[in-house]
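Here's a quick tour for anyone meeting this protein for the first time. Have a look at the model, then read on for the overall picture and a visit to one residue.

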Amino acid sequence: MAEEQAQPSGPDLAQGVATSDFTGKTLLGHVGDQDVLLVRTESGIFAIDARCSHYHGPLAEGLVVGHSIRCPWHHACFDLRTGEAARAPALNPLAVWKVEQQGERIFVRGKREQPQPIVKGPVAAPDKIVIVGGGAAGFAAAEMLRREKFGGDIVMLSNDGAVPVDRPNLSKDYLAGSAPEDWLPLRPDDFYPGAGIDLRLKTQVAAIDPKARQVALADGKTVPYDRLLLATGAEPVRLPIPGADQLHVHLLRSLADCEAIIASAKGAKRAVVIGASFIGLEAAASLRTRDIEVHVVAPEQRPMERVLGAEMGDFVRALHEEHGVIFHLGDTVAAIDGKRATLKSGGTLEADLVVVGVGVRPRLALAEQAGLSTDRGVAVNEFLETSVPGIFAAGDIARWPDPHSRQNIRVEHWVVAERQGQTAARNMLGQREPFDAVPFFWSQHYDVPINYVGHAEQWDEIAIDGDIAAKDCLLRYRSGGRVLAVASIYRDIASLEAELAMEQGRTP
Ligand SMILES: Cc1cc2nc3c(=O)[nH]c(=O)nc-3n(C[C@H](O)[C@H](O)[C@H](O)COP(=O)(O)OP(=O)(O)OC[C@H]3O[C@@H](n4cnc5c(N)ncnc54)[C@H](O)[C@@H]3O)c2cc1C
Ligand code: FES
């Protein structure tokens, strides 16, 4: 997804621009060979790197809100005063540049020394925070604890063998073979010792003892905590069919899963993908990029209809068919015998590899064993604290009171997991910050990104603005007269505006 830096953009800001040429909210220019964005806010003019630190989204096409700017691609938010990545999915700050106004001209001088993020700091800082899980929520929490100047111990326990990685990439560019390996880690290995984060990989947490305030590891050791964050995520559902345990039949959650699929894909001619949801279809697209014939088998009549509705479902199906995917909808795989997958309808499909993407289940065993309240997820309050004070939960396992849908919801979105990790971190430091971000996710199929803000499990009506087939549309999911969610293709600014409207309680 990253774009190559071509010729520097716009005017040379070191030479200055006339104030009369800067009439909008942003102006894209350059200093030397670097693109820099001038941004006008009510409190002055700022200059900031023009590309998002997540996947290099063009901030010139983003939305300015107060003294921040939001990225058009996956809605990261940067503080214009400090460059801080105030909201995930971006984690790294952007450089801010010196702005000088002389008469009728605005000049951008060199980069400012990276200002410190504006932090509230620990209120009643505990000594030791333990995080169970090395994924989106766990990593974002650990990183935010240090950003917030927490000086105590952080222990991060993960049963994965890999440092926290950019999981969404595992079904997209990395699986397609178009992203290098060094894109994947959220931070390099030496970040953890450098930041004083005791990351213990291949470490299985077996139990939590809330009375003794310690977790028990599978190897018999114990780790005490003052505050605990549970961020164990979700695990892929395994298919209870004969042959699902063969080496060429894969689930897709971890880097190891992805590497195993890539190894199977080498030399493969045909693949069967079981499941037509996000992971299944993203994997199908990536395997097509590798020139493998792909058959998708799924019981529903339309892919993604449950989440995105019939019209978008039809579009997604047609898009994949244009790229050569062959669907077997209204069908399931009954058994896999070597390379032969037998369908319930009676047919068979040859497959050198099979990818199973039939949904995930939140990993609740630890929470249940510890006696935390659960409700199809770990029940948390608006501060992401569980029923046991001092134990917080975030990410795919957490069911929280969402002020926008006015329901207790649990979602499986990367950005939500990271933002919850960040909020939980602050609250473990005593800040009492409610989690009120509007849920956001994106999905990528070939060159088509689908962005979704809000949360609609059901709706009365979908109002379509634009043309889905032309890949230029915004869909509003309405229930009882309220817009619960908005999905869009190449309507990035409208998607950002919808998010802001929902935050402010307005109708998007
Ligand atoms: C291939 C793929 C692509 C995706 N693409 C997108 C996308 O495009 N957009 C989007 O919004 N979302 C996407 N998602 C979903 C997104 O990745 C998840 O919502 C997100 O990772 C959830 O974060 P989490 O921290 O809750 O869980 P995870 O990231 O799964 O992390 C959980 C961690 O807990 C560890 N763990 C679990 N149990 C234990 C235990 N007992 N002891 C020790 N460690 C334990 C695991 O090893 C793991 O490190 C994708 C998911 C996958 C698998
Ligand atoms: S590229 Fe900016 S949020 Fe992803």
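Let's start with how much is tucked away: of the 508 residues in the protein chain, 56% are buried. Keep in mind that this is a predicted model.

As for the architecture, the protein chain has 10 helices and 36 strands. Its radius of gyration is 24 Å, close to the 23 Å that the globule rule gives for 508 residues, so the chain is as compact as a globular protein of that length. If you take contacts between residues at least 6 apart in sequence, 58% of them join residues at least 24 apart.

Here are some whole-chain values side by side:

| Property of the protein chain | Value |
|---|---|
| Span of the C-alpha trace along the principal axes | about 80 × 60 × 50 Å |
| Distance between the mean positions of the 53 positive and 67 negative charges | 3 Å |

Now let's zoom in on Arg-187. You'll find Arg-187 in the loop between helix 2 (173-176) and helix 3 (191-194). Is Arg-187 buried or exposed? With a relative accessible area of 11%, Arg-187 falls under the 20% cut-off, so this residue is buried.

Who are its neighbours? Leaving aside residues up to four places away in sequence, Arg-187 touches Leu-91, Asn-92, Phe-139, Glu-143, Val-163 and Tyr-192. With Asn-92 there's also a side-chain to side-chain polar contact, at 2.4 Å. Leu-308 is another story: Arg-187 and Leu-308 are 121 residues apart along the chain, and their C-alpha atoms are separated by 33 Å.

Notes. Residues are numbered from 1 along each chain as its sequence is written. Chains are lettered from A and ligands numbered from 1 in the order in which they are written. This is a predicted model: local features need pLDDT of at least 70, side-chain atom pairs count only at pLDDT 80 or more; totals for chains, interfaces and linings use all residues. Side-chain values use heavy atoms; hydrogens and water are left out. Helices (H or I, at least four residues) and strands (E, at least two) are DSSP runs, numbered from the N terminus. The radius of gyration is taken over C-alpha atoms; the globule rule is 2.2 Å times the number of residues to the power 0.38. Buried means under 20% relative accessible area, exposed over 50%, partly exposed in between (1.4 Å probe, protein chains only). Contact means heavy atoms within 4.5 Å. Lys and Arg count as positive and Asp and Glu as negative; His and the chain ends are not counted. The place of a charge is taken as NZ of Lys, CZ of Arg, CG of Asp or CD of Glu. A polar contact is a pair of N or O atoms within 3.5 Å; within protein, one must be able to donate a hydrogen and the other to accept it, and residues adjacent in sequence count only if both atoms are side-chain atoms.
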